[in-house]
Protein chains: 2
Amino acid sequence: MKLLKELINKKGEVIGDSIIKVDSFLNHQIDPVLMFEMGREFKERFEHLSINKVLTIEASGIAIGTAAAYHLGVPLVFAKKSTPSTMNAFYTSKVHSFTKNKDYDICISKDYINSGDRILIVDDFLAMGAAVLGLHDIIQQGDAELVGVGIAIEKGFQKGSQILRDKGIHVESLAIIQSFQDGKVNFAKK
Amino acid sequence: MKLLKELINKKGEVIGDSIIKVDSFLNHQIDPVLMFEMGREFKERFEHLSINKVLTIEASGIAIGTAAAYHLGVPLVFAKKSTPSTMNAFYTSKVHSFTKNKDYDICISKDYINSGDRILIVDDFLAMGAAVLGLHDIIQQGDAELVGVGIAIEKGFQKGSQILRDKGIHVESLAIIQSFQDGKVNFAKK
């Protein structure tokens with residue numbers, strides 16, 4: 001997606017050989033027009049799949065998830081990283097954070113994953129795929145179906161995308177980073 | 001705001017005499033059309049104030065904050081409840097959670113609060129006003145100006161609104177709950 005790649009080139013900060021900081025428009029300060037346009041792009045790529053729910057994880061998936069859900073005309077559900085006192089019955093799964101090198105639990109109320117749901121997962125980054133696998137686990141616990149995964153920035157040099165595709169999961173990424181070179185980003189041709 | 005009040009009446013669950021659970025459309029499952037319309041309403045109420053940034057706290061403020069920022073044509077910044085490894089210099093403030101009866105720290109990178117910023121705070125709930133006061137503290141640390149606070153649901157029977165108004169802060173709430181009675185919600189006339 002052209003707008004996203006332009007913003008990555010213009011405002012992303014490459015740190016070392018595997019991190020890109022996009023705090024200025026994607027996950028601390030947020031460019032709402034970019035969110036809206038990414039949501040529209042996900043609609044175009046996924047609307048033929050009869051999706052009835054978008055799923056993400058707090059916090060940085062919420063903005064892009066809201067935009068995708070708006071365009072698809074369906075609700076967004078976001079997994080929480082702590083259990084609210086008012087939540088009774090919930091599904092839970094363990095997610096490993098490679099950035100922070102620790103596990104954390106995600107949870108979703110049983111009220112919001114239903115048998116027969118056709119779910120699109122949306123997230124800001126795809127690296128090792130851990131967050132998506134945790135959400136997929138919860139979707140299966142709820143007897144629902146994962147019909148696609150929409151990602152803003154995929155780190156194409158990490159394994160997540162291949163792991164998901166090997167499971168038969170349909171992944172669409174709006175920008176795929178192939179490598180970093182001298183502080184610049186090389187995008188995959190696709 | 002009519003749409004929000006209708007959803008509170010239809011889908012909100014009153015728990016005890018001070019809690020309303022709005023998990024099904026506001027802060028776990030999210031109704032993106034409601035978010036979009038609330039964002040439009042905040043634009044109408046605040047656009048004359050030359051706002052250049054919307055500010056909220058993760059996680060449940062992000063959806064409504066994104067919508068408000070979209071309509072106002074400005075970026076959204078959300079305060080984090082933990083410090084990311086890639087964040088260098090940041091402002092921080094302590095917020096007391098009355099629901100969980102504990103303090104937590106919020107932080108915002110110094111890059112995203114600038115001297116002269118005219119900031120609108122947006123959040124899903126206003127009860128005791130602790131989150132807004134924490135954000136206000138950070139705005140002052142950054143030598144910026146708080147020009148208004150936009151709230152989805154105000155608990156009019158708690159002190160937050162009065163505390164903020166006593167400090168001269170302009171607060172607009174889209175639904176003000178006056179009291180709960182037999183599991184039903186009484187809204188303030190305003």
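Colleague: How do the residues lining the largest cavity divide into nonpolar, polar and charged?
Modeller: Into 12 nonpolar, 2 polar and no charged. Nonpolar covers Ala, Val, Leu, Ile, Met, Phe, Trp, Tyr, Cys and Pro; Asp, Glu, Lys and Arg are charged, and the others, Gly among them, polar. This is a predicted model, with local features needing pLDDT of at least 70, side-chain atom pairs pLDDT 80 or more, and totals for chains, interfaces and linings using all residues. Residues are numbered from 1 along each chain, chains are lettered from A and ligands numbered from 1 as written, and side-chain values use heavy atoms, without hydrogens or water.

Colleague: Which residues lie nearest its centre?
Modeller: A:Phe36, A:Ala67, B:Phe36, B:Thr66 and B:Ala67. A cavity is a set of points on a 1 Å grid over the protein atoms alone where a 1.4 Å probe fits but cannot get out; lining residues have an atom within 4 Å of a point.

Colleague: How much space lies in it?
Modeller: About 130 Å³, counted as the space filled by probe spheres set on the points.

Colleague: Switching to β9(A): how many of its residues are buried?
Modeller: 10 of the 11 (residues 145–155), so the strand is largely enclosed by the rest of the structure. Buried means under 20% relative accessible area with a 1.4 Å probe, protein chains only; strands are DSSP E runs of at least two residues.

Colleague: Which strands does β9(A) pair with?
Modeller: β8(A), parallel over 8 bridges, and β10(A), parallel over 6 bridges. Pairing takes at least two DSSP bridges.

Colleague: What stands opposite A:Glu154?
Modeller: A:Leu126, and A:Ile176 in β10(A).

Notes: Buried means under 20% relative accessible area, exposed over 50%, partly exposed in between (1.4 Å probe, protein chains only). Helices (H or I, at least four residues) and strands (E, at least two) are DSSP runs, numbered from the N terminus. On a 1 Å grid over the protein atoms alone, a cavity is a set of points where a 1.4 Å probe fits but cannot get out, and a pocket is an open set with protein on both sides within 12 Å along at least five of seven lines; lining residues have an atom within 4 Å of a point.
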